[in-house]
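Here is a short briefing to read beside the sequence and the 3D view. Take the topics one at a time and find each residue as you go.

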Amino acid sequence: MATAEMEKTTTFDEAEKVKLNANEADDEVEEGEIVEETDDTTSYLSKEIATKHPLEHSWTFWFDNPVEKSKQDAWGSSLRNVYTFSTVEDFWGAYNNIHHPSKLVVGADLHCFKHKIEPKWEDPVCANGGTWKMSFSKGKSDTSWLYTLLAMIGHQFDHEDEICGAVVSVRGKGEKISLWTKNAANETAQVSIGKQWKQFLDYSGSVGFIFHDDAKRLDRNAKNRYTV
Ligand code: MGP
């Protein structure tokens, strides 16, 4: 579902809810009267559940808390999965209740990955993959983070199957958003994803793609294999 459509359907849902609430308000209920749950209230609740808009995939938010990160522990030991959602409405419910990158503490990593894919090089789905990475100055990544999430969950990439998820990393000098994909060697798919990502975010800088294999072996000396 496209971004604009998602925004429209959420608004439509809210309008429906207001209408239903208004109808309920029309029923004459005396002050102090105990209102039993009726078939109407049950059908209102089932209607609300039935009108949630399912996403193509389920997604999970993960958080790596810098306070719990310790150089002594194995990497990833402080990574926690926070919330899984599979509808447009539940996405907004979660997104509106977690801090946006500009409000996160330095050192934090907030991930959103397809359900059952762990945000680690070691995950079998990620193992042969890589990442596109964008950099932002301090506190300037909130909108790009939201647009990245909407592009992923809204199925907007031509090579959507290639997407694993995304992570925003808050560091002292600024934020980075990384888009993780599955088959690093598939240059056509990766370059298409990189170009579309830049368009969705209206990002004018150049963006590089690093293979996880290179990052594992060479750490910070890993070089971009593709650039768009
Ligand atoms: P980072 O946090 O992605 O880079 O990885 P950053 O922000 O440049 O570094 P930071 O020190 O400011 O946080 C930092 C280091 O974490 C890497 O060099 C790896 O040693 C380790 N690391 C990162 N990731 C994503 C993984 C992973 O998926 N698996 C393992 N085993 N280690 C990782």
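**Strands, helices, cysteines and a ligand**

Phe63 has Leu110 of strand 3 as its bridge partner. Keep in mind that this is a predicted model.

**Strand 3 and its partners**

- Strand 3 covers residues 109–114. Six of its six residues are buried, so the strand is mostly covered.
- Strand 1 spans residues 54–64. Strands 1 and 3 pair in the antiparallel sense, over six bridges.
- Strand 5 spans residues 163–171. Strands 3 and 5 also run antiparallel, and five bridges join them.

- Strand 4 (residues 130–137) and strand 7 (residues 208–211) are antiparallel, joined by four bridges.
- Gly130 has Phe211 of strand 7 as its bridge partner.
- Strand 7 is also joined to strand 8 (residues 226–227). Two bridges link these strands, which run antiparallel.
- Phe209 stands opposite Tyr226 in strand 8.

**Cysteines**

- How many disulfides does the count give? The count comes to zero.
- Cys164 is in no disulfide. The nearest cysteine sulfur belongs to Cys126 and is 3.9 Å away.
- A disulfide is a covalent bond between the sulfur atoms of two cysteines.
- Is Cys164 buried or exposed? Cys164 has a relative accessible area of 0%, so it is buried.
- Cys112 counts as buried because its relative accessibility is 0%. The cut-off for buried is under 20%.

**Helix 4**

- Helix 4 runs over residues 142–153 and has 12 residues.
- From its first C-alpha to its last, helix 4 reaches 17 Å. That is close to the 16 Å expected at 1.5 Å a residue.
- Why is helix 4 described as largely enclosed by the rest of the structure? The reason is that 10 of its 12 residues are buried.
- The buried residues of helix 4 are Asp142, Ser144, Trp145, Leu146, Thr148, Leu149, Leu150, Ala151, Met152 and Ile153.
- An α-helix has 3.6 residues a turn, so residues three or four places apart point the same way.
- Just after helix 4 comes His155, with a positive phi of about 65 degrees.

**Helix 3**

- Helix 3 covers residues 88–95. Six of its eight residues are buried, so helix 3 is largely enclosed by the rest of the structure.
- Those buried in helix 3 are Val88, Glu89, Phe91, Trp92, Ala94 and Tyr95.

**The ligand**

- Which residues are around the ligand? They are Trp75, Lys120, Trp121, Glu122, Arg171, Lys176, Asp219 and Arg220.
- Trp75 has a polar side-chain atom 3.3 Å from a nitrogen atom of the ligand.
- Glu122 places a polar side-chain atom 2.6 Å from a nitrogen atom of the ligand.
- For Asp219, a polar side-chain atom lies 2.4 Å from an oxygen atom of the ligand.
- Taken alone, the ligand exposes 630 Å². The protein buries 66% of that area.

Note on methods:
Residues are numbered from 1 along each chain as its sequence is written. This is a predicted model: local features need pLDDT of at least 70, side-chain atom pairs count only at pLDDT 80 or more; totals for chains, interfaces and linings use all residues. Side-chain values use heavy atoms; hydrogens and water are left out. A disulfide is a pair of cysteine sulfur atoms within 2.5 Å. Buried means under 20% relative accessible area, exposed over 50%, partly exposed in between (1.4 Å probe, protein chains only). The expected span of a helix is 1.5 Å times one less than its number of residues. Two strands pair if DSSP finds at least two bridges between them. A residue is near a molecule or strand if one of its heavy atoms lies within 4 Å of it. A polar contact is a pair of N or O atoms within 3.5 Å; within protein, one must be able to donate a hydrogen and the other to accept it, and residues adjacent in sequence count only if both atoms are side-chain atoms. Accessible areas come from the Shrake-Rupley method with a 1.4 Å probe; for residues, only the protein chains shown count as cover.
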